[in-house]
Every structure is written in C-alpha cells, then in structure tokens.
Amino acid sequence: MDLSTTYLGLRLPHPIVVGASPLCDDLDTVRRLEDAGAAAIVMHSLFEEQIARERRRTAADLDAHVDAFAEASSFLPQPAEFRLAPDEYLEQIRRIRAAVALPVIGSLNGVTPAGWLDYARSIQDAGASALELNTYYIASDPAEDSASVERRTLEIVRMVKRAVTIPIAVKLSPFFSAFAHLAAALEAAGADGLVLFNRFYQPDIDIVELEVRPHHHLSDPSELLLRLRWLAILSGQRRRLDLAATGGVSQAADVVKAVMAGAHAVQMVSAVLRHGPDHVRVVREGLAHLLGELGYESIAQMRGCMNLARCPDPGALERANYVRVLQSWRDPGGSA
Ligand SMILES: Cc1cc2nc3c(=O)[nH]c(=O)nc-3n(C[C@H](O)[C@H](O)[C@H](O)COP(=O)(O)O)c2cc1C
C-alpha cells in the first residue's frame, strides 16, 4: 500500500505528522515518535511575546518603560511560562535534527508584522525543513475591521516569505467571515500551505470564586467535522496550497476522511498525548489496512475524492444541507 504524500516540499512516507505541542521538548519522546513511524514533527510555537521580551531585556530598557507598559506587561506571559527561551528553541531544533532523521517543522506564533519575524530565518538555519506561522488572535478591538486583521496576516506571510527559502504554512482559526477569499490571498502572498484549524483555549467562569478558569482540553473527534468542510471546499479551489488538518484526528478513519476531503497531511496531538507515541504506529497501520479494505491502492488515488471541486456553489450546497439536517433531529439514526 502506497501511503506516501507530499507536504510543504517534503516527501513523506504517509500523511501522519505530530502537530505543534510539548511532544518535541524531550528527545526521548521524539525518538519514540520516530520509532513509531511519525512522518514529521512540528515544534511547539515560539511566541512573538517571548521574542519581544528577550529583545527588550537585551536592550536593558525594561525599567525605562512608562506605567502603561507596566500595566500591559502584567498580563503578558512571564518567561517561566514559556517552555524554551528563543535560543533554547533553536538549540532544540538542532538537537532533534542530530538525533533523528524525522523532518522538523518550526512554528512561530504571533500577530504583528514586525522584527520578531527575523526568527523565521534562525529557525531555518537551525535545520527546520518548513515553518508553520500560527496567527492566534481574537479581534476584540471595535475600531479594527476584518480587512485590517487579514492585511496583517498577509503582511506577516510576505515578510516571512522574503526571509526564508523553506516552505511556510499558515495555521489559522476558522473565525474569518470570508475564509475562501483569505485562503486565495494567502496563496497569492506566498503561503505554501494552510493548517486547519487553530483551537482557541476557552476559559470557563468559576461562579463562586468569580474567577476565570483557563483550561486546555484535549480535543475530541467531533472537532474534525469543521476541518473536513473547509478541506473539501479549499482543496477544490486552491491547487497550489498544501492542506493539513489539525483538530480531532485520532484514528485511521479520521485520516481517511481528511485525505478524502483533500488533506495532504494530518496532524495529531491530543491522541498522542492520550495514548503515547506508539499511537502513531497504530493509526498508520490502521490506515494501510483501511485503504485496502476500501479498495484504494494509494493515498494519492484517494486524495480529494470527496472534495467540492465540481460543486459550482459550495455555499448553496451548504444551505441546502443545513435545511435538510434541521429536519433530521427526529431520526438520530440519520436517514438525512
Ligand atoms: C498541550 C498542547 C500544546 C500545544 N501547543 C501548541 C503550540 O505551541 N503551537 C501551536 O500552533 N499549537 C499548539 N497546540 C495545538 C495543536 O498543535 C493542535 O493544533 C490541536 O491540539 C488540535 O489537534 P489535536 O486534536 O490533534 O489535539 C497545542 C496543543 C496541546 C494539546
């Protein structure tokens, strides 16, 4: 069974990549992921705030800031909250490259097109084969319109594209009002791939203590459905972008669905954190078996068979299905 795929210029033996997470922090874990046959590993993110803080410290001007900054910096993450300082992050890429043959994808996380993006070049020089740009952002300023948010994202992509020669993928949230248009603009700005989607951490409220309780759930399979929709829409439209699913992939059938919808790769994090590195092997073997059962000879043959390339108006199809599915609650077995 030929499970090979290409993603961000990499020829991968199969589509299962270990997504951005602390799984890259420990070399032993990385070796176990390689033994389990992971196709590639994404580093956890190096954050804009972290790089900016480091630079301020280097410039030794932190104390000189006005009160407004002191107030603002009180809710910025403290150095101990980041897993690796910027230099250690680069060192960890070098260590992983020296220890295993697994391709490493770097990850930068930030929202302003500014000097911190120089780190893209350092990540490339440290040995990363590709780079993920994660633009995790809640647009909460009423004076900022959606076009400005998108312009900033595009500018970040253009700046990074000028700085590096390795392929870059953009990891986005689904909360854009015209996602298909943004995907086209990202492709035109030089993005080589999209990673669908970022998950926002969703803090809860403690109603007795009147406190906000931040927590980070591991994902569940229902999260895959939103990814499948957008993979199916975009893979029919954006032939030059490599697409990866992240969110809710935990079994071989999830990989099959994502590839059928048009993914070149899938990323797994929660399932590996839950079940351990060897889960990659279980899913990879399950994938080979399932493809055979379904009558496919390769991933390439299956990719995109369920995309919406031939659908003239995915939006209208969506509305038609929406109307239909609203009637299906009486029949949970699902004839609709
Ligand atoms: C503990 C943990 C740490 C993560 N750290 C990062 C990160 O640094 N950068 C990033 O882009 N995504 C990060 N993620 C998100 C994952 O890469 C992934 O997109 C998300 O967990 C959905 O995939 P899953 O359903 O396979 O878990 C993290 C997720 C977890 C659970």
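**Reading the model, feature by feature**

Tutor: Leu210 counts as exposed, at 70% relative accessibility. The term buried stands for under 20% relative accessible area, exposed for over 50%, and partly exposed for what lies in between, with a 1.4 Å probe and protein chains only. Please note that this is a predicted model, in which local features need pLDDT of at least 70 and side-chain atom pairs count only at pLDDT 80 or more, while totals for chains, interfaces and linings use all residues. Residues are numbered from 1 along each chain as its sequence is written, and side-chain values use heavy atoms, with hydrogens and water left out.

Student: Where is Leu210 found, and what is its phi?

Tutor: Most residues other than glycine have a negative phi, and most peptide bonds are trans. Leu210 has a positive phi of about 50°, although it is not a glycine. Leu210 sits in the loop between β10 and β11 (211-213). Strands are DSSP runs of E with at least two residues, helices are runs of H or I with at least four, and both are numbered from the N terminus.
Leu8 also has a positive phi, near 50°, and belongs to the loop between β1 (5-7) and β2 (10-12). Leu8 is buried, since its relative accessible area is 2%.

Student: Which peptide bond is cis?

Tutor: The bond from Leu196 to Phe197 is cis, with omega near -5°. Phe197 lies in the loop between β9 and β10 (204-206).

Student: How should I read the packing of two helices?

Tutor: Two packed helices are described by the angle between their axes and the distance between the axes. An axis is a line fitted to C-alpha atoms, for helices over the stretch in contact, and the angle runs from 0 to 180 degrees between N-to-C directions. Let us take helix α9 (residues 252-261) and helix α11 (residues 279-294): their axes come within 8 Å and cross at roughly 60°. That makes α9 oblique to α11. Angles under 35 degrees count as roughly parallel, over 145 as roughly antiparallel, 65 to 115 as roughly perpendicular, and the rest as oblique.

Student: Which residues of α9 and α11 make the contact?

Tutor: Contact means heavy atoms within 4.5 Å. From α9 come Ala252, Ala253, Val255, Val256 and Met260, and from α11 come Val283, Gly286, Leu287, Leu290, Leu291 and Leu294. By class, the contact of α9 with α11 has 10 nonpolar, 1 polar and no charged residues. Here Ala, Val, Leu, Ile, Met, Phe, Trp, Tyr, Cys and Pro count as nonpolar, Asp, Glu, Lys and Arg as charged, and the others, Gly among them, as polar.

Student: At what angle do helix α6 and helix α7 cross?

Tutor: The axes of helix α6 (residues 146-163) and helix α7 (residues 179-189) cross at roughly 25° and come within 9 Å. The two helices are therefore roughly parallel to each other. Glu150, Thr153, Leu154, Val157, Arg158 and Lys161 in α6 meet His181, Leu182, Ala185, Leu186 and Ala189 in α7. This contact of α6 with α7 divides into 6 nonpolar, 2 polar and 3 charged residues.

Student: Which residues of α7 are buried, and what covers them?

Tutor: The buried residues in α7 are Phe179, Leu182, Ala183, Ala185, Leu186, Glu187 and Ala189. Their cover includes α6, β8 (168-172), β9 (193-196) and α8 (224-237). After α7 comes Gly190, with a positive phi near 115°.

Student: What does Leu133 touch?

Tutor: Leu133 has its place in strand β7 (residues 130-134) and is buried, with a relative accessible area of 2%. Not counting residues up to four places away in sequence, Leu133 touches Leu108, Ile156, Val157, Val160, Ile168, Ala169, Val170 and Lys171. Leu133 and Ile168 are 35 residues apart in sequence and 7.2 Å apart in space, C-alpha to C-alpha.

Student: How many disulfides does the structure hold?

Tutor: A disulfide is a pair of cysteine sulfur atoms within 2.5 Å. The structure holds 0 disulfides. For Cys305, the closest cysteine sulfur is that of Cys311, 15 Å away, which is too far for a bond. Cys305 counts as partly exposed, at 34% relative accessibility, whereas Cys24 counts as buried, at 0%.
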